[in-house]
Amino acid sequence: MAKFIVDSDLVRTLADLLTETGLTEVEITDGDRTIRVARHGQRSTTHEMVANAPADHVNATDADAQSASTAGANHPDALTSPMVGIVFVAPQPGADPFVRVGDTVEEGQTLVIIEAMKVMNPIPASRSGVVRSILVEDGQPVEFGEALLVIE
């Protein structure tokens, strides 16, 4: 019987990511080995994150934001997050966003950045088109597969 060795540094890093992002679960797979770290109990929600955001970043009521997010998540042209992390809509605080609703974008153009485990990952447009809606707020935690924006 093979001895199962746990990478405790990796588990701690994943646990820190949960705390930092407010997520309840994160899972990574490397070959035939999978590590899942989950937190049970009080859960952070986007509503709480928006309530704590500076007033100039809140552009709609919670009901409007929920409605837009739900509609966009089911849209066939929604660009989804390839990872768990924190989304940033601008290259640095105070800078103009990468894109705005109505902008025409080219395939490969950076649309947002997702910070995961202290690494900034530019998320490019998967195709050319027009940005129809942006479904995330700057600094919001995102899950794998969560809709970020819609390009038609």
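## Surface and model basis

The protein chain exposes about 9700 Å², and carbon and sulfur atoms supply 52% of that area. Areas come from the Shrake-Rupley method with a 1.4 Å probe; for residues, only the protein chains shown count as cover. Of the 152 residues, 30% count as buried (under 20% relative accessible area; exposed means over 50%, partly exposed in between; 1.4 Å probe, protein chains only).

This is a predicted model: local features need pLDDT of at least 70, side-chain atom pairs count only at pLDDT 80 or more, and totals for chains, interfaces and linings use all residues. Residues are numbered from 1 along each chain as its sequence is written, and side-chain values use heavy atoms, with hydrogens and water left out.

## Fold layout

The protein chain has three helices and ten strands. These are DSSP runs, numbered from the N terminus: helices are H or I with at least four residues, strands are E with at least two. The order from the N terminus is α-β-β-α-α-β-β-β-β-β-β-β-β.

Contact means heavy atoms within 4.5 Å. Among contacts with a separation of 6 or more, 56% link residues 24 or more positions apart.

## Four-stranded sheet

An open sheet of four strands runs β3-β10-β8-β5, with antiparallel pairing. Strands pair if DSSP finds at least two bridges between them. β3 (78–80) and β5 (104–105) are the edge strands; each has a single partner strand, so one side of each is left without a neighbour in the sheet.

Three bridges join β3 to the antiparallel β10. In one of the two strands, β10, valine 150 is the bridge partner of alanine 78.

## Nonpolar cores

A nonpolar core is a set of buried Ala, Val, Leu, Ile, Met, Phe, Trp, Tyr and Cys residues joined through side-chain atoms within 4.5 Å. The largest has 16 residues, of which Val105, Leu111, Val112, Leu148 and Leu149 touch the most other members. β6 (110–116) and β10 (147–151) each supply at least two residues of this core.

Leucine 148 has contacts that include Leu79, Val112, Ile114, Ile134 and Val142, leaving aside residues up to four places away in sequence. A second, separate core has eight residues, including Leu14, Leu23, Ile35 and Val84.

## Glutamine 140

Glutamine 140 lies in the loop between β8 (129–134) and β9 (141–142). Glutamine 140 is buried, with a relative accessible area of 7%. A polar contact of 3.2 Å joins its side chain to that of glutamate 146. Such a contact is a pair of N or O atoms within 3.5 Å; within protein, one must be able to donate a hydrogen and the other to accept it, and residues adjacent in sequence count only if both atoms are side-chain atoms.
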